[in-house]
Amino acid sequence: MEMLLWVLGVLLLLFSSLDVWYFVRAAVTVVRAWFQKPVWDVLGEQSVSGRVLLHDIDLGHMNNARFLRECDFARFSLYSRNGVFKACRALRATMVVGATTIRLRRALCLGEAFELRTRIVVWDEKAFYLEQRFVSCRDGLVAAVMLCKQNVVRSSPDKILQFLCKRKVECPDYPEDLQHWISFISASSQALRAQSGLEDKTGAQEDKEK
């Protein structure tokens, strides 16, 4: 009985201080990806299935924050299957999200099934740029589109792709909408540095370390 109380106390402490289910699901997502077919095309699109459940909703449809959460897990699955996580471990690199933007086109309602399609679109010297689309299984409508800047720390996208493909990989052309978004990120960064009284060199170093 005393041992059971200790276990319950530890669980209560964990669930009250950490988002335990996030870490559990992230681990399950990565482990599941290990047993799925690899995605040999690093730039290929990967689709994962989902459904709007009770803990996802507010006022009967998916909460805005849940869209971003689902995108996290879809990226974990993509990087596990296409080898990017493997390359990061080999190169002692890590990745962090540098920016995201999402356009919500229509609600996903309780019980509605959807596909979340994720792909690497382009990259530069320090980050991958991804597109993630929520496609309703009911009518095929794209319910939401997210763009994500994934910064690579202690390495570069070029080195990761060369590690995986054993050759230099040419970056595709930048789509127009993505160019506008990247320009917005750059302008925002410059404005914030100016407001903080930081020199461009300092700001560039900050961006490099992300």
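**Cysteines, cores and pockets of the predicted model**

At 27% relative accessibility, Cys165 counts as partly exposed. Buried means under 20% relative accessible area, exposed over 50%, and partly exposed in between, with a 1.4 Å probe and protein chains only. The structure is a predicted model, in which local features need pLDDT of at least 70 and side-chain atom pairs count only at pLDDT 80 or more, whereas totals for chains, interfaces and linings use all residues. Residues are numbered from 1 along each chain as its sequence is written, and side-chain values use heavy atoms, with hydrogens and water left out.

Cys171 is also partly exposed, at 29% relative accessible area. The closest cysteine sulfur to that of Cys165 belongs to Cys171, and the 13 Å between them is too far for a bond. A disulfide is taken as a pair of cysteine sulfur atoms within 2.5 Å. By this rule the count is 0.

The largest nonpolar core holds 29 residues. Such a core is a set of buried Ala, Val, Leu, Ile, Met, Phe, Trp, Tyr and Cys residues joined through side-chain atoms within 4.5 Å. Leu108, Phe128 and Phe134 touch the most other members. Two or more residues each come from α3 (64-82), α4 (84-91), β5 (113-123), β6 (127-136), β7 (142-153) and α5 (157-165). Helices (H or I, at least four residues) and strands (E, at least two) are DSSP runs, numbered from the N terminus. A second, separate core has 10 residues, including Ala127, Leu147, Leu178 and Ile182.

Contacts were assigned to heavy atoms within 4.5 Å. Residues up to four places away in sequence aside, Phe134 touches Phe67, Glu70, Cys71, Leu108, Phe114, Glu115, Leu116, Leu141, Val142, Ala143 and Ala144. Ser80 is found in helix α3. Ser80 counts as buried because its relative accessibility is 17%. Beyond its neighbours within four places in sequence, Ser80 is in contact with Val30, Ala33 and Phe85.

Leu54 lies in the loop between β1 and β2 (57-58). Its relative accessibility is 67%, so Leu54 counts as exposed. Leu54 and Leu110 are 56 residues apart along the chain, yet their C-alpha atoms are separated by 6.9 Å.

Pockets were located on a 1 Å grid over the protein atoms alone, as open sets of points with protein on both sides within 12 Å along at least five of seven lines, where a 1.4 Å probe fits; lining residues have an atom within 4 Å of a point. Grid points are joined across faces, edges and corners, and a volume is the space filled by probe spheres set on the points.

The largest pocket has a volume of about 590 Å³. Its lining comprises 26 residues, with Arg25, Thr29, Arg32, Glu70 and Phe73 nearest the centre. Elements giving two or more residues to this lining are α2 (20-34), β1 (46-51), α3 and β5. The lining divides into 10 nonpolar, 7 polar and 9 charged residues. Here Ala, Val, Leu, Ile, Met, Phe, Trp, Tyr, Cys and Pro count as nonpolar, Asp, Glu, Lys and Arg as charged, and the others, Gly among them, as polar.

The second largest pocket holds about 440 Å³ of space. It is lined by 23 residues, of which Trp40, Arg81, Asn82, Gly83 and Leu164 lie nearest its centre. Helices α2, α3, α4 and α5 each give two or more residues to this lining. The most come from α5, with 4 residues. This lining divides into 14 nonpolar, 4 polar and 5 charged residues.
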